[in-house]
Amino acid sequence: MSIRHALKLKDHQVTDEAIYRGRRDLLGLMVAMPALALSGCSQAQPPAAPGAVITPEQARSGLRTSEELTKLEDVTSYNNFYEFGTGKTDPGQAPRTLRTSPWTVEVSGECEKPGRVNLEDILKAAPAEERIYRLRCVEGWSMVIPWTGIPLAAVLRPFAPTSRAKYVAFTTLADPQQMPQIRYRSINWPYREGLRMDEAMHPLAFLATGLYGKPLPQQNGAPLRLVVPWKYGFKSIKSIVQIQFVEKMPETAWHDLQPNEYGFFSNVNPQVDHPRWSQKTERRIAGNASKLFAERIPTRMFNGYADQVASMYAGMDLRRWF
Ligand SMILES: Nc1nc2c(c(=O)[nH]1)N[C@H]1C(S)=C(S)[C@@H](COP(=O)(O)O)O[C@H]1N2
Ligand SMILES: [Mo]
């Protein structure tokens, strides 16, 4: 169903891995051209677009960066998904044991219309979009990834959260049959994450069902994962099966494990170091850069999305609320 969702893209270009390298050369040219509609829905994959069109408005609003992309091969072979192993290459090499269809998400808590919903129905909430976001892992590396999916706010709204809903809590599947590494307690399973309500409703908060115009690979959190580009990567929880509207700040997997190292907010912040390492720079895995020896670049406040998100934290001590 993720394929079909990706195919609903009409007014947006889908970035195809085969042609992305030429995209930067085309940028100046493409901005002047009208967006090319994807032709027909009969093909198995969205047709390759001649370079994604990134309008100045999209770049300004943070929806799509024109920075050099991370190769599909790197996005799918250097992962954090502890349910499939703690090594970077483990998730990509794991047997394909996750059953992603049918997939249901249970939505409950402080809302008027709770329910157990099929992924297909969840995705009817909004047309598919492509977002090109920076992903900054708390470990000090980063990627630039073209996701397909829909805004989180559009998915949450139909459940009609009440005024008591102050936070949204997300839970990953924790089935040892489908995720064999769950037998090791590297995390207090299930993996859990959360956002404050205003963060969840922010236009940059995204639910991805695909990347590079194709359905999400297992290792990237198939079939549905959160993408919160201004926060450290661990907030972007994978393979979501439960969403709860709650009144109190929910416990999250990494905070549960190491509360002094991983806070609830975990906004990317070069001025607040991790207790065991600096957060001032990051290893940018993009283009042909080698994964381990890629150039280090300065880390930006809110991962470069300050113009879009800083107002949500006005007056907050970001050292205390790390
Ligand atoms: N369920 C689950 N979600 C997860 C993780 C995980 O181990 N389990 N790892 C997180 C971390 S630390 C990062 S950096 C990103 C990595 O996403 P990617 O592998 O798609 O690049 O996923 C996040 N989401
Ligand atoms: Mo991470």
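Strands are DSSP runs of E with at least two residues, numbered from the N terminus, and two strands pair if DSSP finds at least two bridges between them. This is a predicted model, in which local features need pLDDT of at least 70 and side-chain atom pairs count only at pLDDT 80 or more, while totals for chains, interfaces and linings use all residues. Residues are numbered from 1 along each chain as its sequence is written, ligands are numbered from 1 in the order in which they are written, and side-chain values use heavy atoms, without hydrogens and water.

**View 1. Strands β5 and β10 pair in the antiparallel sense.** The pairing of β5 (residues 167–172) with β10 (residues 240–246) runs over 6 bridges. Phe 170 stands opposite Ile 243 in β10.

**View 2. Five strands form an open sheet with mixed pairing.** Their order is β2-β1-β10-β5-β6. At the edges are β2 (115–118) and β6 (192–196), each pairing on one side only.

**View 3. Ligand 1 has 16 residues around it (a heavy atom within 4 Å).** Among those that come nearest are Asn 79, Glu 83 and Asn 220. Three polar contacts (pairs of N or O atoms within 3.5 Å) are listed here:
- A backbone N or O atom of Tyr 82 lies 2.8 Å from an oxygen atom of the ligand.
- In the side chain of Arg 225, an N or O atom is 2.9 Å from an oxygen atom of ligand 1.
- For the side chain of Lys 238, the corresponding distance from an N or O atom to a ligand oxygen atom is 2.7 Å.

Notes: Helix = DSSP H or I, 4+ residues; strand = E, 2+ residues; numbered from the N terminus. Polar contact = N/O pair within 3.5 Å; in protein donor to acceptor, adjacent residues only side chain to side chain.
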